Amino acid sequence: MSQEIGEFEQGERKTLPIEKGFPIERVNEIAAKEGRAKQWYRPIYTMHKWWARRLGCVFRAISLYTLLDDSGQIEVHEPGENGSLSDYTTDDIGVQSLIDEVDLTDPDSLWKLYSKDVRVKDKKVLDPFMGGGTSIGEASRFGAETVGNDLNPVAWFVTKKQMEASEVDVEDLEDAYETLRENVAEDVLQYYRTDCPNGDHDADIMYVLWVKEVDCVSCGHSVPLFRDYRVGKGRYGHDDKYTVLDPTDGSVIRVDDWQSEQVSPTTGETFDPSEGNVGSGDYSCPECGQQYGIADAVQEQDGFDLRPYAIEYYCEHCDESGYSKDDVKDYKAPSDEDLDLFEQASEEWESSPELHEYVPNVDIPLGIMTDSSAFEGGIGGGHNLLDHGFDQWSDLFNDRQLLTLSKILRGIEEIENEKEREYLLLNLTNTLCTNTLMTGYDYSYNKIQHVFKSNSFDVPHEPAEGNPWGAEYGRGTFQSMWEMTKRGVEYAKAPTERYIEDGEKVESPEFAQPIGGDFELHCSDARSLEMEDEFDVVLTDPPYYDNIIYSEISDFFYVWQRILLADEYSQFQPTETPRAESIVANPAQDKGSEEFESELGEAFSNIHRVLKQDGAVVFTYHHAGVESWGELLQALCQQDFEVTATYPINADENKFIGGEAVTFDIVIVARPATEREPISWNSLRRNIYRTAQKTRQRLEENRDLSRGDIGVVEMGRCFHEYSKHHGQVERAGDTMTAKEVVDEIYGVIQHGSDIGEIDVFLDLLETPNASYDDLNKLSRGTNATPERMEDMRLYRMDDGFKLGTWDDEKRIAYIQSRVDSDEELTDLDKAQFLRYRWEHGKSVSEYLSEWEITDDLRELCEGLADATGDDTYRNILESRLSDY
């Protein structure tokens with residue numbers, strides 16, 4: 001018989017609250033908001049870019065439900081100036097009752113402490129793959145001793161500055177910034193001024209918009225690589241207009257519609273702003289019509305030319321003089337003075353060899369993210385940085401950027417205090433995200449794009465140059481990033497917690513417990529950590545196959561950071577970050593799925609060694625589906641872990657690469673395995689079925705969770721059943737692998753509920769303002785898939801998310817085609833087809849006589865009537881209406 005989580009006999013290890021239940025609804029409620037406003041919820045984790053960061057609220061909730069297991073080792077303080085002990089601590093049974101009451105059907109008792117300043121004693125937490133350090137940062141807020149590790153030096157440095165932040169004097173930090181500003185700012189800003197169109201004075205440049213040009217291979221004419229001629233969406237008094245480039249004379253004008261033909265106000269020539277010279281990787285010469293591959297042209301001509309075509313400016317003088325917003329911040333075409341100013345910067349750069357030491361004049365390594373065509377196999381998307389005329393990392397910047405960034409970096413080096421110098425360096429390398437030729441311009445939102453908007457190197461044909469130090473307005477400038485850095489430091493000293501109470505967002509008073517505390521960091525391979533039987537909890541977010549090749553894309557920051565850090569830290573001495581040791585499927589390293597599974601298994605083996613026997617591993621994971629579940633379960637079980645719980649979670653609001661989203665995120669709880677016993681598959685299957693059925697029933701009766709979310713929790717409970725017998729499950733004389741068992745578990749869960757496309761469609765009908773996100777959520781863990789439902793025309797995305805109801809022309813056309821070709825129809829096809837004919841006064845009798853009117857069809861019509869409020873569905877099967 002299966003054993004419920006938490007039913008351990010006396011003398012066995014203690015069951016953790018997170019094994020008994022987890023407040024999925026509460027966490028997701030906060031995650032939805034935090035994901036859209038990270039810099040206000042937890043500014044400490046926005047001081048520098050790191051990829052696929054888990055949200056702080058997720059790791060705080062995990063820590064709360066994992067670290068709290070003994071009320072005798074827990075203190076609860078009220079946030080605020082006096083930090084007084086909470087009533088929960090002064091009450092002998094208060095905290096313990098909250099721990100004990102956590103249950104699968106109602107896990108919210110411990111959630112009462114989410115907004116409290118909770119401290120635990122004698123807990124030690126490890127993250128062997130710490131990345132951006134959110135896990136240990138949140139664990140440190142509970143007073144736990146934390147150890148972080150990552151192979152990547154950039155991750156190590158970013159986390160180091162986060163964990164040290166509470167020790168930094170904010171006034172000293174501000175003084176260091178002021179010293180840098182006084183020494184450097186004007187040297188930078190002098191090259192980012194332009195003549196204001198409203199008078200005889202200068203305005204500040206926010207952005208310079210450039211276009212790459214190549215020579216036509218046929219006629220030699222210079223071809224600007226414009227996809228279209230948009231400059232920026234109209235705003236303020238012109239929010240119904242669009243600013244575009246007039247290609248007939250190079251002026252910048254406003255038009256009513258950028259997607260229709262226009263007449264140039266100066267030349268009288270016609271042009272279409274939506275039709276540029278670039279499409280699908282080729283250019284089309286405007287002079288002779290020749291089409292040719294852009295990458296080929298760049299390689300054959302040894303690079304490309306750059307030409308500025310527009311400037312976005314802000315004029316402080318006009319702002320103070322009371323001009324309208326349209327005049328204060330607007331676009332203009334570059335003048336001769338603007339071109340001369342860039343040439344002056346270029347000349348100073350060429351004549352200042354001492355500054356060249358402060359830029360990364362090192363080769364861009366060949367890799368899957370820099371030239372995917374050089375390797376067999378791929379990771380999705382085309383990655384060809386090296387094919388676009390870039391050889392060294394410094395090539396990703398123009399001369400003015402190199403000049404100004406090198407001046408800032410040299411100024412940072414002159415700051416005497418090491419900690420203050422490193423925070424300024426951190427700020428500078430974060431500024432690189434929007435100060436490189438690798439950033440484009442977002443026309444719809446009137447701002448520069450982030451270099452890693454897709455977690456890869458996307459080479460723009462129309463790069464945007466920002467003002468590195470910064471004007472009054474502008475995204476990602478050194479001075480605006482400094483405000484974020486300073487907020488992060490202040491938050492680390494006195495963090496707060498934002499949460500939802502009675503449907504309203506609430507922010508707690510400041511906590512007395514800072515971020516950091518007793519911590520140590522390592523920059524090494526997780527497989528080489530030398531501790532043993534030391535940690536109570538391993539809290540992490542392990543590598544996930546090939547989703548992000550951190551070692552390659554982090555070089556963008558690393559090569560700048562090492563200029564100042566190579567003499568301080570040995571991990572910054574190589575010219576690139578470690579690749580061969582990275583646990584990732586990377587064709588550039590001859591690593592596929594087998595190598596990834598093997599290396600991840602080695603890491604979990606070492607994690608088992610450093611973990612106490614009664615400890616727990618809790619981690620977030622990012623893949624879904626039978627195959628990835630099986631790989632994960634096998635990796636854990638082979639290293640003598642048993643899975644005790646899994647939960648779905650919205651852990652990352654920015655989990656895209658190449659336009660494809662990871663299906664969903666899960667929290668997985670595992671413990672060192674107890675003695676495993678042999679079992680037949682038939683016996684295990686019965687246990688798994690009972691476990692799944694019981695779990696589903698309890699959750700459906702007591703929790704407001706989707707069927708898909710319930711399915712994920714079921715998987716965790718079923719995994720636990722299997723984990724107790726891993727390697728000893730016999731079927732027909734053979735030992736079943738974890739992957740084979742996962743296939744069976746998946747089938748048990750799906751067929752047990754038997755939820756298909758029609759069920760999900762009915763749920764969507766009952767969902768107010770249903771969206772694609774709702775579709776994804778409702779189809780998790782079911783037999784339905786968004787792809788299949790799209791094929792059935794049960795929704796479409798051509799003009800927002802629209803359900804395929806009976807009055808949707810594409811849905812009805814799909815059904816009609818199946819009727820005409822005598823293809824098999826679903827009950828939903830029949831019901832909607834009949835409803836459509838009834839609405840249009842057409843006979844339904846011939847179909848009613850031909851089709852078998854089953855109880856399932858009748859039940860479906862009842863369900864459609866209930867879901868839509870359309871009682872016609874109840875009547876269309878009645879004979880009295882059949883001849884209407």
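The model is a predicted one, in which local features need pLDDT of at least 70 and side-chain atom pairs count only at pLDDT 80 or more, while totals for chains, interfaces and linings use all residues. Residues are numbered from 1 along each chain as its sequence is written, and side-chain values use heavy atoms, with hydrogens and water left out.

Side chains of opposite charge can pair when their charged atoms come close. The structure holds 57 salt bridges, each being a side-chain nitrogen of Lys or Arg within 4 Å of a carboxyl oxygen of Asp or Glu.

Begin by selecting helix H16, residues 478-493, where Glu-483 and Lys-486 stand 3 residues apart, about one helical turn; helices here are DSSP runs (H or I, at least four residues), numbered from the N terminus. The side chains of Glu-483 and Lys-486 join in a salt bridge with an N to O distance of 3.9 Å. Glu-483 is partly exposed at a relative accessible area of 37%, whereas Lys-486 is buried at 17%; buried means under 20% relative accessible area, exposed over 50%, and partly exposed in between (1.4 Å probe, protein chains only).

Next, select Arg-527 and Asp-525, which form a salt bridge whose closest N and O atoms are 2.8 Å apart. Of this pair, Arg-527 is partly exposed, with a relative accessible area of 22%, and Asp-525 counts as buried at 16% relative accessibility.

Then move to helix H28, residues 827-839, in which Arg-835 and Glu-839 lie 4 residues apart, about one turn of the helix. A salt bridge connects Arg-835 with Glu-839, their closest N and O atoms being 2.8 Å apart. Arg-835 is buried, at 5% relative accessibility, while Glu-839 is partly exposed, with a relative accessible area of 43%.

Finish at the surface by selecting Asp-336, Glu-337, Asp-340, Glu-343 and Glu-347, which gather in a patch of negative charge. Such patches are made of residues with over 30% relative accessible area and no salt bridge, like charges being joined within 9 Å, and Asp and Glu count as negative. One of these residues, Glu-347, is found in helix H13, residues 336-350, and Glu-347 counts as exposed at 52% relative accessibility.

How values were computed. Patches are made of residues with over 30% relative accessible area and no salt bridge: like charges are joined within 9 Å, nonpolar side chains (Val, Leu, Ile, Met, Phe, Trp, Tyr) within 5 Å. Accessible areas come from the Shrake-Rupley method with a 1.4 Å probe; for residues, only the protein chains shown count as cover. The place of a charge is taken as NZ of Lys, CZ of Arg, CG of Asp or CD of Glu. Helices (H or I, at least four residues) and strands (E, at least two) are DSSP runs, numbered from the N terminus.
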